[in-house]
Amino acid sequence: MAEFRERLILCCQSTFPCFRDPADSSPPIIVKRNDDFTNPPSRELPTTPVEKPVYIALYDYTARTEHDLSFNAGDKLEPLKKEEDWWYARGITGISANKEGYIPANYVAPIESLDAEPWYFPETKRLEADKMLMSQENENGAFLIRNCESQAGELSLSVLDNGKVKHYKIKRQDNGYFVSRIRSFFTLKELVEHYSRNEDGLCVRLAEPCKKTMAPETHGLSYNTVDHWEISRSSLKLLKKLGAGQFGEVYEGIWNDSTAVAVKTLKSGTMDPKDFLREAQIMKKLRHSKLIQLYAVCTTEEPIYIITELMSHGSLLEYLQKDRGASLKMSDQIEMGSQVAAGMAYLELQNYIHRDLAARNVLVGDNNVCKVADFGLARVFQMENENVYEAKEGTKFPVKWTAPEAINENKFTIKSDVWSFGILLYEIVTFGQTPYPTMTNFQVVQQLPKGYRMPCPLNCPKCLYDIMSDCWKDSPADRPTFETLQWTLEDFFDMDISSYDDANRY
């Protein structure tokens, strides 16, 4: 029995090191346990390191405030906090390395993405590709890949060859991409690399990608003006007067000693600040590449300031009148019309009415880029000049641009904007000539209901005049939509080669 008891104690001690013989009077031995199931020791399991997202800068950016981060195209950055339009980021390489600050989100792209490729210009139109590739910055063989205008989902390769731009369709199949059916590639990058090594049937071997010289507009002046866009007048300097119109004077200015802007000073007493702010809240949310972006306002005292992006060549009206055909060709004029139609098609989609569409309210930048301006201001502005017609007490219109139903019944719709667009096309094709040049405002008001329409201008293609005539239909419902006007005008330039194999047999 004693032997059995001893063996039992040994067994218990081997299993539970802190077990004591009840008959043992010596001090207990404290044993530190490593298998405490109530509080087990933490174990470091092998983990896969989480890769931090890395972005590459597509354009140079110079800080506009002390909280911004400057960087150059090609710098790598890590976003630390992403908001809609401005991100807080840390620089990894280049001039921004080991620095933190806000960056415009549309200036960067994921480093391994298609958007990061220097030759990828997805939203570029065919005519825009022609202009960009033929600029002095590019050499023979410069190229870009863009979305095809004629077929959604397809891509086009545009290449500079001895002063001319050639366009090829890039087809897509389950096994990848191809220009010629005899050779396909899993990725666009592989396709570019192949044709960069040899022509293999193209007009020329691909060289350097087209230069990205024009950075996109940032959304807002900086991260802290996106939502709080009433800014101090002291942050603005007016440099030179650019022009004047029915809404006020326009100046080239600089904000925060860092950013070139346009400043429109509205005539004192012509607009209720509350009405304007109500409209401006809507205007600021409207974003499109063919609409002037509203950056900020100053409304605490008169005159009210409207701060927008700066367009280098001023109003389309002045631009046309200065050129008079010296450099602008009919293809340029039609392209200008298509750009305006694109901006208006966006407003149409947003159920928004311009109310004063005319060449004076379209601005021009480099490479004949046109953007619609002053949308919505006519709603809250009391017009006072010789070019308006008062149909009813307190209701005034720029009569030669205004649809009959708007003049006679005060009915403004997107279809009355379409009428005005037809007049704008007349201005474009005549290099800024005043509509109805031989008639007074009163005569126009009297003759339009009788069916009078302006005749086809000199040197205007019939197809373009037909578009104007469609815009001037008596019934608003019979007039085309801006979406239709946009693709109709763009179709003049839709001349992509149908396929590589059809045009380049070898």
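How many residues lie between S9 and S10 in the hairpin that they form? There are two residues between these strands. The legends below describe this hairpin and other parts of a predicted model.

**View 1. The protein chain as a whole.** The predicted model shows a protein chain with 13 helices and 19 strands. Of the 506 residues in the chain, 48% are buried. The accessible surface of the chain amounts to about 26,800 Å², and carbon and sulfur atoms account for 50% of that surface. Among contacts between residues at least 6 apart in sequence, 56% join residues at least 24 apart.

**View 2. The open sheet that contains S9.** Five strands make up this open sheet, in the order S6-S7-S8-S9-S10, with antiparallel pairing. Its edge strands are S6 (143–147) and S10, each of which pairs on one side only. From one strand to the next, the twist averages 30 degrees. Helix H2 (residues 126–133) packs on the sheet and touches S6, S7 (155–161) and S8. The direction of H2 makes about 165 degrees with that of S6. Helix H3 (residues 188–197) lies across S6, S7, S8, S9 and S10, and H3 runs at about 35 degrees to S9.

**View 3. Strand S9 and its two partners.** Strand S8 (residues 164–173) runs antiparallel to S9, and three bridges join them. A hairpin through two residues leads from S8 to S9. In this pair, Gln173 is placed opposite Gly176 of S9. With strand S10 (residues 183–185), S9 pairs in the antiparallel sense, again over three bridges. Tyr177 has Phe185 of S10 as its bridge partner, and Ser180 stands opposite Arg183 of S10. Five of the five residues of S9 (residues 176–180) are buried, so this strand is largely enclosed by the rest of the structure.

**View 4. The open sheet that contains S1.** Here, five strands form an open sheet in the order S4-S3-S2-S1-S5, and the pairing is antiparallel. S4 (100–104) and S5 (108–110) are the edge strands, each pairing on one side only. The twist from one strand to the next averages 45 degrees. Within this sheet, S1 (residues 55–57) pairs with S2 (residues 76–82) in the antiparallel sense over two bridges. Ile56 is found opposite Lys76 of S2.

**View 5. The hairpin of S12 and S13.** Strands S12 (residues 248–255) and S13 (residues 259–266) pair in the antiparallel sense, over eight bridges. Ile254 has Ala260 of S13 standing opposite. Three residues lie between the two strands of this hairpin, in which Asn256 takes a positive phi near 55 degrees.

View 6. Asn361 is placed in the loop between helix H6 (330–349) and strand S16 (362–364). Is Asn361 buried or exposed? Its relative accessibility is 5%, so Asn361 counts as buried, the cut-off for buried residues being under 20%. When neighbours within four places in sequence are left aside, the contacts of Asn361 are Phe247, His354, Asp356, Lys371, Val372, Ala373 and Asp374.

**View 7. The nonpolar cores.** The largest nonpolar core holds 75 residues. Those with the most contacts inside this core are Leu236, Ile307, Leu316, Phe421, Leu464, Met468 and Phe482. Helix H9 (residues 414–429) provides the largest share of the core, with 10 residues. Apart from this core lies another, of 20 residues, including Ala57, Leu69, Tyr102 and Val226. For Met468, neighbours within four places in sequence again being left aside, the contacts are Gly422, Leu425, Tyr426, Val429 and Cys460.

**View 8. The packing of H9 and H12.** The axes of H9 and helix H12 (residues 482–490) come within 10 Å and cross at roughly 30 degrees. The two helices are therefore roughly parallel, since angles under 35 degrees count as such. On the side of H9, the contact is made by Ile414, Asp417, Val418 and Phe421. On the side of H12, the residues in this contact are Phe482, Leu485 and Leu489. Phe421 and Phe482 are also among the residues with the most contacts inside the largest nonpolar core.

Technical notes:
Residues are numbered from 1 along each chain as its sequence is written. This is a predicted model: local features need pLDDT of at least 70, side-chain atom pairs count only at pLDDT 80 or more; totals for chains, interfaces and linings use all residues. Side-chain values use heavy atoms; hydrogens and water are left out. Two strands pair if DSSP finds at least two bridges between them. Helices (H or I, at least four residues) and strands (E, at least two) are DSSP runs, numbered from the N terminus. Axes are lines fitted to C-alpha atoms, for helices over the stretch in contact, and angles run from 0 to 180 degrees between N-to-C directions. Buried means under 20% relative accessible area, exposed over 50%, partly exposed in between (1.4 Å probe, protein chains only). A nonpolar core is a set of buried Ala, Val, Leu, Ile, Met, Phe, Trp, Tyr and Cys residues joined through side-chain atoms within 4.5 Å. Contact means heavy atoms within 4.5 Å. Accessible areas come from the Shrake-Rupley method with a 1.4 Å probe; for residues, only the protein chains shown count as cover. Angles under 35 degrees count as roughly parallel, over 145 as roughly antiparallel, 65 to 115 as roughly perpendicular and the rest as oblique.
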